[in-house]
Amino acid sequence: QRVCRSDQQCKNTRGGYTCTDLCPTGMTKGANSTCIDIDECRDGTHLCRYNQICENTRGSYHCTCPRGYRSQGVGQPCLINECEQRDTCQHECMNTPGSHKCLCPSGYRLMTNGKTCQIDECLEQNIQCGSNRMCFNMRGSYQCIDTPCPPNYQREPATFCLKNCPPNDLECALSPYALEYKL
Ligand SMILES: [Ca+2]
């Protein structure tokens with residue numbers, strides 16, 4: 001039989017019972033029967049690990065990371081925030097889960113080192129190489145490269161070759177529908 005409220009604890013006494021208030025999670029009974037915060041950082045019950053910093057809050061606690069580091073979650077080591085390191089990216093740095101990404105202004109392209117940006121003349125100067133050729137961006141320059149479509153394929157706008165089979169050509173009918181050049 002329930003005689004106390006659900007947020008209270010029932011205790012037997014001689015000839016009766018008492019109802020005592022339970023404290024919310026992260027709190028404990030203080031001296032004058034009020035609920036006071038548990039300092040998890042001090043009593044060692046926190047789950048911050050490695051280089052995480054424990055910060056006590058009322059009713060709970062946080063695991064934070066030192067400056068220049070970023071969190072991977074409670075109990076996980078803080079990782080260096082690459083974007084806050086010098087010389088990570090030439091232009092702009094963006095944090096991604098577990099890593100980072102360098103960004104370039106428009107008209108520029110990220111080089112294969114993933115760090116520096118170079119002008120993409122193909123975009124910037126709107127280079128038209130003509131039919132069956134594509135613009136290839138190079139360090140400090142560009143080049144028009146032949147990108148012909150194979151026999152039985154027809155040039156579609158930009159980079160595609162679409163199949164265009166003569167009637168009753170079985171071999172052609174079984175070939176891929178579309179081809180794309182990627183430079
Ligand atoms: Ca606390």
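This is a predicted model: local features need pLDDT of at least 70, side-chain atom pairs count only at pLDDT 80 or more; totals for chains, interfaces and linings use all residues.
The protein has 3 helices and 17 strands. Its radius of gyration is 33 Å, well over the 16 Å that the globule rule gives for 183 residues, so the chain is more spread out than a compact globule. Along the principal axes, the C-alpha atoms fill a box of roughly 100 × 50 × 25 Å. Buried residues account for 8% of the 183. As for contacts between residues at least 6 apart in sequence, 14% of them join residues at least 24 apart.

Now to the annotation. An unreviewed UniProt entry lists "domain: EGF-like" for residues 37–72 and 79–118. In the model, residues 37–72 are 11% helix and 36% strand, with end C-alpha atoms 26 Å apart. Residues 79–118 come out at 0% helix and 42% strand, and there the end C-alpha atoms are 29 Å apart.

Let's zoom in on a hairpin. Strand β5, residues 53–57, runs antiparallel to β6, and 5 bridges join the two. Across the pair, N56 sits opposite Y61 of β6. The hairpin has 2 residues between its strands, and G59 takes a positive phi near 85°.

Which residues of β6 are on the covered face? Those are Y61 and C63, while S60, H62 and T64 make up the uncovered face.

Finally, two asparagines to look at on your screens. As a reminder, most residues other than glycine have a negative phi. N126, though not a glycine, has a positive phi of about 50°. You'll find N126 in the loop between α2 (121–124) and β13 (133–138). N126 counts as exposed because it has 8 C-beta neighbours inside 10 Å, and the cut-off for exposed is 12 or fewer.

The other one is N168, with a positive phi near 60°. N168 belongs to the loop between β16 (160–163) and α3 (170–173). Is N168 buried or exposed? Exposed, because 7 other C-beta atoms lie within 10 Å.

Methods. Residues are numbered from 1 along each chain as its sequence is written. A residue is buried if 20 or more other C-beta atoms lie within 10 Å of its own, exposed if 12 or fewer, and partly exposed in between; C-beta atoms are placed from the backbone. Helices (H or I, at least four residues) and strands (E, at least two) are DSSP runs, numbered from the N terminus. Two strands pair if DSSP finds at least two bridges between them. UniProt positions are given in the numbering used here, feature names are shortened, and annotations may be inferred rather than shown by experiment. The radius of gyration is taken over C-alpha atoms; the globule rule is 2.2 Å times the number of residues to the power 0.38. Two residues are in contact if their C-beta atoms, placed from the backbone, lie within 7 Å.
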